[in-house]
Amino acid sequence: MIKIDYIIPVYNESKVVKRALDVLAKQTMKDSLHITLVNDCSPNTDCNYQDIIDEYSDKLNIRVIKTPENIGTGMARQFGIDNTSNEYIMSQDDDDILASDDVIERFVNKIEEADENVRSIVGGWKEVLSDGTILSEQSGKHLCTCIVRLVYRSLLDEYNIRFDSDMSMVFEDKNFGMKFSYILNNYGYTELDIEYNHYIYIRDNSFSTTNNIGVYKTDLYHAVNLFKSYEFRKEQGEDAESLWGVLNSAFELSFFSIIRNISNIEVTKHDLEILRKEMEDNYEYLNGEYEIQKDSIIYTLQKRELLNNVDDNYEIFISNPLSLIDALMEKIVNK
């Protein structure tokens with residue numbers, strides 16, 4: 001039987017991860033899953049999630065491990081990888097869910113048909129509201145992220161692909177995904193696509209990191225420039241042009257994640273000026289991504305009342321991301 005280490009960092013109250021586990025417990029091939037909850041020293045539970053283990057141990061192969069200290073989502077995933085051993089690895093966030101009961105079966109079927117060059121199987125994602133409204137969705141084959149992928153442990157071990165402690169709280173999945181995708185695309189490996197948007201991000205839940213002000217204290221300037229001057233380029237000794245194509249697919253999503261979460265960052269006007277310049281320099285490439293994410297961006301800004309005139313200017317904002325940044329800059333002129 002194919003065995004998949006399924007890693008879920010947990011930091012919220014026990015009730016949050018139950019929705020994800022309820023879906024996993026209904027999977028048609030749940031016996032392939034070895035679920036590891038990684039308790040990142042959560043202050044929200046004093047029982048190390050033992051209540052969850054007790055409730056689901058007769059439904060799922062599940063255990064909990066605890067990090068020695070709070071290390072952030074990315075390094076919690078790494079802690080899970082380091083403390084498991086099966087050939088295949090998947091991961092999800094504790095407040096998201098899979099889209100249907102046959103997701104794992106779809107991945108297992110792809111594993112069984114894969115040849116020796118395959119080192120990844122990818123799906124896609126939907127970003128939805130709790131009432132089912134879809135804000136955006138996209139195939140995972142164009143994303144640099146660990147969330148929508150089943151990855152082969154052998155590739156991680158061979159090239160020492162790991163999460164980065166310096167970016168463990170924000171964009172940690174894309175940071176990891178850039179490394180993974182770079183190796184995959186430049187060293188002769190391939191990935192298969194299950195051609196199904198299987199992962200559901202639930203945007204309007206209070207436990208999402210996108211609603212956590214503390215998480216988004218990361219300096220915007222640092223985040224933007226980290227993706228441009230990525231140290232992995234130097235480590236691999238590859239030319240910048242070759243790497244930039246891979247980095248851009250991660251950068252485009254990070255760019256719009258920053259816009260979506262701008263109200264949660266101690267952002268200055270200077271930061272937005274930098275962001276706008278990056279948008280101008282990469283407009284042709286980034287504009288396509290804006291088409292995919294525009295409804296999600298507008299929804300978030302409208303909900304947080306960051307831009308009170310969103311309704312009056314909706315058509316302008318959804319047609320031109322530069323005008324959106326200009327409007328944001330007007331909002332923070334006092335900085």
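This is a predicted model: local features need pLDDT of at least 70, side-chain atom pairs count only at pLDDT 80 or more; totals for chains, interfaces and linings use all residues.

Reader: How many helices and strands does the protein have?

Author: The secondary structure comes to 13 helices and 9 strands, where helices (H or I, at least four residues) and strands (E, at least two) are DSSP runs numbered from the N terminus.

Reader: And what share of the residues is buried?

Author: Buried residues make up 56% of the 335 residues in the protein; buried means under 20% relative accessible area, exposed over 50%, and partly exposed in between, with a 1.4 Å probe and protein chains only. As for contacts, meaning heavy atoms within 4.5 Å, residues 24 or more positions apart account for 79% of those with a separation of 6 or more.

Reader: Let's start with α1, then. What does it pack against?

Author: The buried residues of α1 pack against β1 (4-10), β2 (33-39), α2 (50-56), β3 (62-66) and β5 (97-98). Those buried residues are Ser14, Val16, Val17, Ala20, Leu21, Val23, Leu24 and Ala25.

Reader: What span should α1 have, going by its residues?

Author: The 12 residues of α1 (residues 14-25) should span 16 Å at 1.5 Å a residue, and the end C-alpha atoms are 16 Å apart, which agrees. The expected span here is 1.5 Å times one less than the number of residues in the helix.

Reader: What about α6, is that one enclosed or open to the outside?

Author: Helix α6 is largely enclosed by the rest of the structure, because 13 of its 15 residues are buried. This helix, residues 172-186, reaches 22 Å from its first C-alpha to its last, close to the 21 Å expected, and just after α6 Gly188 takes a positive phi of about 85°.

Reader: Switching to charges: how many salt bridges are there?

Author: The count comes to 8 salt bridges, a salt bridge being a side-chain nitrogen of Lys or Arg within 4 Å of a carboxyl oxygen of Asp or Glu. Side chains of opposite charge can pair when their charged atoms come close.

Reader: Which residue does Glu191 pair with?

Author: Glu191 forms a salt bridge with Arg149, and the closest N and O atoms are 3.0 Å apart. This pair links distant parts of the chain, with Glu191 in strand β9 (residues 190-202) and Arg149 in strand β8 (residues 149-152), 42 residues apart. Arg149 counts as buried at 3% relative accessibility, whereas Glu191 is partly exposed at 23%.

Reader: And what does Lys110 pair with?

Author: Lys110 forms a salt bridge with Glu113, with the closest N and O atoms 3.4 Å apart. The two residues are separated by about one helical turn, because they lie 3 residues apart in helix α4 (residues 103-113). Glu113 is exposed, at a relative accessible area of 51%.

Reader: Back to β9 for a moment: which way does β6 run beside it, parallel or antiparallel?

Author: Strand β6 (residues 118-128) and β9 run parallel and are joined by 9 bridges, with Val122 standing opposite Asp193 in β9. Strand β5 pairs with β9 in the antiparallel sense over 2 bridges, and there Leu98 has Tyr199 as its bridge partner. Two strands pair if DSSP finds at least two bridges between them.

Reader: What volume does the largest cavity have?

Author: The volume is about 90 Å³, taken as the space filled by probe spheres set on grid points, which are joined across faces, edges and corners. A search of the whole structure finds 2 cavities of 30 Å³ or more.

Definitions and conventions: Residues are numbered from 1 along each chain as its sequence is written. Side-chain values use heavy atoms; hydrogens and water are left out. On a 1 Å grid over the protein atoms alone, a cavity is a set of points where a 1.4 Å probe fits but cannot get out, and a pocket is an open set with protein on both sides within 12 Å along at least five of seven lines; lining residues have an atom within 4 Å of a point.
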